[in-house]
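Here is a short tour of a protein model, written to be read with the structure open beside it. Take a moment to turn the view around before reading on.

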Amino acid sequence: MNILKTIGSMDKAQRYVFFCELYDVGYSDDFVKYIASLPRESLSDFLVTFNAHERARINDDLDRIDCVDQKDVAISVEHLLEVLNRMDDLMMMQNKINEESADQMSLNRDFMKEWLTRPAPVSDQMQGVPCPPLEKPPVEGATIVVLPKPDPSILVSNDLFSAIRDRQSRRKFTDEPLSIDELAFLLWSTQGVKKTVADGRISMRTVPSAGARHPFETYIGIMRVTGIMPGMYRYLAVEHALELLFTDENMTRTLIDAGVGQRFVGECAACFIWSCVPYRGEWRYTIGSHKNMLLDAGHVCQNLYLACEAIRCGTCAIGAYNQEIVDQYVKLDGKDEFVIYLSPVGKLPVSSNK
Ligand SMILES: Cc1cc2nc3c(=O)[nH]c(=O)nc-3n(C[C@H](O)[C@H](O)[C@H](O)COP(=O)(O)O)c2cc1C
């Protein structure tokens with residue numbers, strides 16, 4: 001079977017289903033290895049059948065794989081054929097999902113609307129249940145890195161107008177490390193605690209949050225920050241410190257997988273990973289808190305964009321990620337705490353646009 005011809009003759013819906021199955025949303029090494037084993041010229045007709053974004057991604061992945069082992073290719077072909085043989089079943093399953101998602105879509109629209117005037121459960125707060133803690137405590141005995149106080153003298157530009165005007169999603173970073181002062185500034189800009197009130201039960205931060213619930217934890221995959229050992233950390237916002245969770249020499253690869261193949265998610269100086277602890281919002285707003293928590297996440301990431309601009313760094317919000325991989329990686333149960341957003345940060349090439 002000519003695999004490229006078969007894929008090339010699929011309609012858009014079939015190809016979408018095929019790639020989802022094969023790559024679990026991102027392009028798999030199997031596919032890339034297979035096409036890397038073919039002469040580049042024979043690919044041109046095939047690539048024409050893809051849209052520009054997919055083409056760029058395939059070419060990008062091809063550049064990564066410069067030498068292909070024949071044994072690997074044999075495995076790839078087996079995998080590709082196996083998925084191709086299941087296409088009829090996969091299309092049937094997809095059609096069923098399409099029908100069901102019409103109902104789901106209507107429910108999700110309701111979730112986006114206000115909840116105050118709808119019947120909702122009585123909140124735990126109303127029932128006198130104590131307020132949940134502001135942040136998870138660090139594990140006893142964990143290594144703690146105390147961060148320098150945010151220092152405006154490190155800013156390359158202190159001009160809000162320019163930061164708002166020049167902000168854009170940045171996906172190309174240099175290998176240059178961030179300084180610890182820069183990282184401290186970014187963490188403070190996104191979740192920094194200015195003061196706590198009500199016996200330390202409520203925090204006022206550098207970002208707004210409905211009912212000051214601040215339902216997030218910040219995990220940070222550090223690849224290149226001067227003075228901090230690479231590893232996965234958690235920001236202790238109240239203490240303005242980092243708790244070391246673990247080190248892992250394969251962190252870049254895992255973060256790329258977590259970002260469904262988006263390479264800059266792992267190939268960055270540091271990757272912000274925000275989790276949500278839903279009960280912090282539910283305690284006060286019950287079911288209506290879910291919408292608020294997602295709105296809150298937007299403020300956090302926007303502050304990261306603007307703070308990055310001020311220190312000549314860049315970032316890109318990531319909503320396309322693999323829930324299971326990233327939750328497992330930062331050791332979350334996926335129910336009472338789960339990742340909702342990522343944003344890799346790095347230094348910008350001198351040539352990058354303002
Ligand atoms: C919620 C959200 C999720 C996003 N997810 C991704 C993503 O997974 N990958 C990516 O490359 N860009 C992602 N982006 C960036 C958008 O593509 C980008 O903001 C948009 O194209 C506008 O470009 P600008 O930010 O440079 O103005 C995301 C942005 C937001 C706000």
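This is a predicted model: local features need pLDDT of at least 70, side-chain atom pairs count only at pLDDT 80 or more; totals for chains, interfaces and linings use all residues.

The protein is divided into two parts, domain 1 (3-96) and domain 2 (144-347). Their C-alpha centres lie 34 Å apart.

Let us turn to the nonpolar cores. The largest one has 59 residues, and the members with the most contacts inside it are Ile220, Ala270, Cys271 and Ile273. Helix α12 (residues 289-310) gives the most to this core, contributing 9 residues. There is also a second, separate core of 6 residues, including Phe31, Val32, Tyr34 and Leu80.

| Core | Number of residues | Some of its residues |
|---|---|---|
| Largest core | 59 residues | Ile220, Ala270, Cys271, Ile273 |
| Second core | 6 residues | Phe31, Val32, Tyr34, Leu80 |

What does cysteine 271 contact, leaving aside its neighbours within four places in sequence? Its partners are Ile220, Gly221, Leu255, Val265, Leu342 and Pro344.

Finally, the ligand. Around it you will find Gln168, Ser169, Arg171, Gln262, Cys316, Ala317, Ile318, Gly319 and Ala320. By class, this shell has 4 nonpolar, 4 polar and 1 charged residues.

Notes:
Residues are numbered from 1 along each chain as its sequence is written. Domain bounds come from an automatic or database domain assignment. A residue is near a molecule or strand if its C-beta atom, placed from the backbone, lies within 6 Å of it. Ala, Val, Leu, Ile, Met, Phe, Trp, Tyr, Cys and Pro count as nonpolar, Asp, Glu, Lys and Arg as charged, and the others, Gly among them, as polar. A nonpolar core is a set of buried Ala, Val, Leu, Ile, Met, Phe, Trp, Tyr and Cys residues joined through C-beta atoms within 7 Å. A residue is buried if 20 or more other C-beta atoms lie within 10 Å of its own, exposed if 12 or fewer, and partly exposed in between; C-beta atoms are placed from the backbone. Helices (H or I, at least four residues) and strands (E, at least two) are DSSP runs, numbered from the N terminus. Two residues are in contact if their C-beta atoms, placed from the backbone, lie within 7 Å.
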